[in-house]
Amino acid sequence: MSILRKDKPHLLYAFFMVAQQRPGFCGRLCCDLHYKELYFHDHQLQTFLGDVMSVVKSSLSVGQEKKLLSLFGHVRLHLLYKASVHGYMNIAFHSRCDGQGPTVLVAYNKAGFVFGGYISKDYAQTGQVINDDKAFLYSITDQREKPLRVSSTDGQYGFTDGAYGLNVGAMWFLNNSTATVQIVAGNSYTFEAEEMHGNDLQLTECEVYRVEECVGLLETPWRKIDLEGYGTKERLMDYIKNYKPEVKSVVQVRVLLVGPVGAGKSSFFNSINSVFKGHVTGQANTGSAGTSLTTQFRTYSIKAEQGGKALPLVLCDTMGLEEGPSAGLDIDDINSILKGHVQDRYQFNPSMSVQTDGVGFCKSPILKDTIHCVVYVLDACKVTLLSAKMVDKLAAIRKGINKVGVAQLVLLTKVDEACPLVREDLTNIYLSHYIERMTREVSVCLGVSQSCVLPVKNYSREFELDVHTDILLLTAVVQMLRYSNNYFDDIYQDGEQSE
């Protein structure tokens with residue numbers, strides 16, 4: 001039996017309310033302690049924590065998100081609450097949404113409608129009517145090219161700040177902690193029910209996003225890099241082609257890519273391969289499955305051009321990191337990879353660590369077989385959604401790598417999806433307040449210097465290469481080679497160049 005203690009009783013109660021909906025849950029609240037302790041079986045704790053603390057993903061399709069964003073100026077959406085994960089309880093809603101500033105509620109129904117409301121003021125459970133002249137309701141369907149937008153008829157009334165979900169009079173979400181939207185007559189919003197929600201008030205999902213303003217661009221870049229012209233691209237490519245490791249026994253630097261499922265590890269290899277092939281290609285499996293698409297340890301060598309010489313670089317791809325005890329890449333597996341024991345096409349078994357007597361296990365590796373640089377790959381859109389459990393796992397991995405002394409960098413992927421200004425023009429990447437802030441947050445989260453965090457855009461939906469995308473990708477590779485040199489310098493002091 002385990003006891004979970006929390007400093008905030010309402011958060012603990014929300015945790016319990018979600019947990020008790022799970023089949024077989026045997027927990028109980030210690031009521032005399034006002035929900036400060038929660039008792040349940042150990043195996044239930046392990047399983048439930050793995051589910052609740054997983055990275056929460058938006059249910060908005062790309063098209064739906066674009067239509068929703070068209071209702072605002074330059075903003076990005078930060079997911080705060082998701083009913084299918086946190087529960088349809090008002091206490092779970094408010095524990096994640098109170099005091100968050102401007103928010104938009106996004107509700108989904110079986111009729112195919114995405115609808116809800118935006119408020120510019122905080123949720124605070126005051127029980128008061130809040131004047132908010134910026135508040136509005138909206139509805140999105142595939143049948144309409146543009147979203148429906150409905151403002152308050154008196155230009156003042158925004159919402160009622162109660163103890164349940166968003167209450168705009170005409171619609172009341174999460175009332176009585178249910179997935180059914182309540183309709184209240186006599187209010188300041190007027191619309192046709194068929195147009196707003198198709199007369200379907202039973203929700204299949206409900207989300208709340210914080211609406212963050214993307215402030216204007218910085219006057220000067222927060223990092224200086226030449227993104228202009230093919231001259232820069234050719235110079236970077238020449239550096240990579242002509243690079244030679246500072247240790248004679250090593251011909252190719254081996255870089256290990258590590259990160260959560262779907263962060264873009266395999267896509268990064270495909271993107272670098274595309275740059276040198278001269279067209280977009282997809283050798284490594286990529287996608288958005290819930291579990292890792294990479295189940296083998298793969299080592300990818302890249303040729304300078306079609307049929308040309310191999311580059312002095314090998315990108316090592318692994319299973320994605322997952323939170324469950326028997327899912328994704330294990331920390332012990334990473335240690336075996338670092339030391340060079342794991343060979344190409346080794347088949348991972350999520351239920352156990354690398355086996356010393358297994359096929360593809362190298363018992364006596366030398367320096368050229370080991371990893372010379374580790375690169376953490378993180379999705380810029382999900383940095384703030386990384387669960388505490390995932391952050392702890394990354395910290396444990398970093399601690400182990402620190403002991404070995406291998407160089408470490410971070411790739412921040414999908415920057416175009418994270419910042420609208422960068423999506424409009426990739427050359428804004430080092431002028432973006434938001435991307436700069438994300439690199440700082442990643443720096444603090446992983447305990448690395450901000451200069452070690454490299455924002456990039458992988459090729460994912462394009463058919464043709466883009467010079468600015470190429471320059472960012474190539475700059476990241478150059479840094480990997482430079483940091484690998486630092487590792488070699490640490491190993492061989494006083495100018496020693498061979499084993």
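**Salt bridges in the predicted model**

Glu212 forms a salt bridge with Arg76, with the closest N and O atoms 3.2 Å apart, where a salt bridge is taken as a side-chain nitrogen of Lys or Arg within 4 Å of a carboxyl oxygen of Asp or Glu. Because Glu212 belongs to strand β11 (residues 203-213) and Arg76 to strand β4 (residues 75-82), the pair ties together parts that are 136 residues apart in sequence; helices (H or I, at least four residues) and strands (E, at least two) are DSSP runs, numbered from the N terminus. The structure is a predicted model, in which local features need pLDDT of at least 70 and side-chain atom pairs count only at pLDDT 80 or more, whereas totals for chains, interfaces and linings use all residues. Residues are numbered from 1 along each chain as its sequence is written, and side-chain values use heavy atoms, with hydrogens and water left out.

Glu212 is buried, at a relative accessible area of 12%, and Arg76 is likewise buried, at 7%, buried meaning under 20% relative accessible area, exposed over 50% and partly exposed in between (1.4 Å probe, protein chains only). Glu212 also meets the side chain of Arg210 in a salt bridge, with an N to O distance of 2.8 Å.

By the stated rule, the count comes to 13 salt bridges. One of them joins the side chains of Lys233 and Asp470 at 2.7 Å, N to O. Since Lys233 lies in helix α7 (residues 229-242) and Asp470 in helix α14 (residues 467-491), this pair ties together parts that are 237 residues apart in sequence. Both Lys233 and Asp470 are buried. Elsewhere, salt bridges that share partners join Arg76, Arg210, Glu212, Arg437 and Glu441 into one network.
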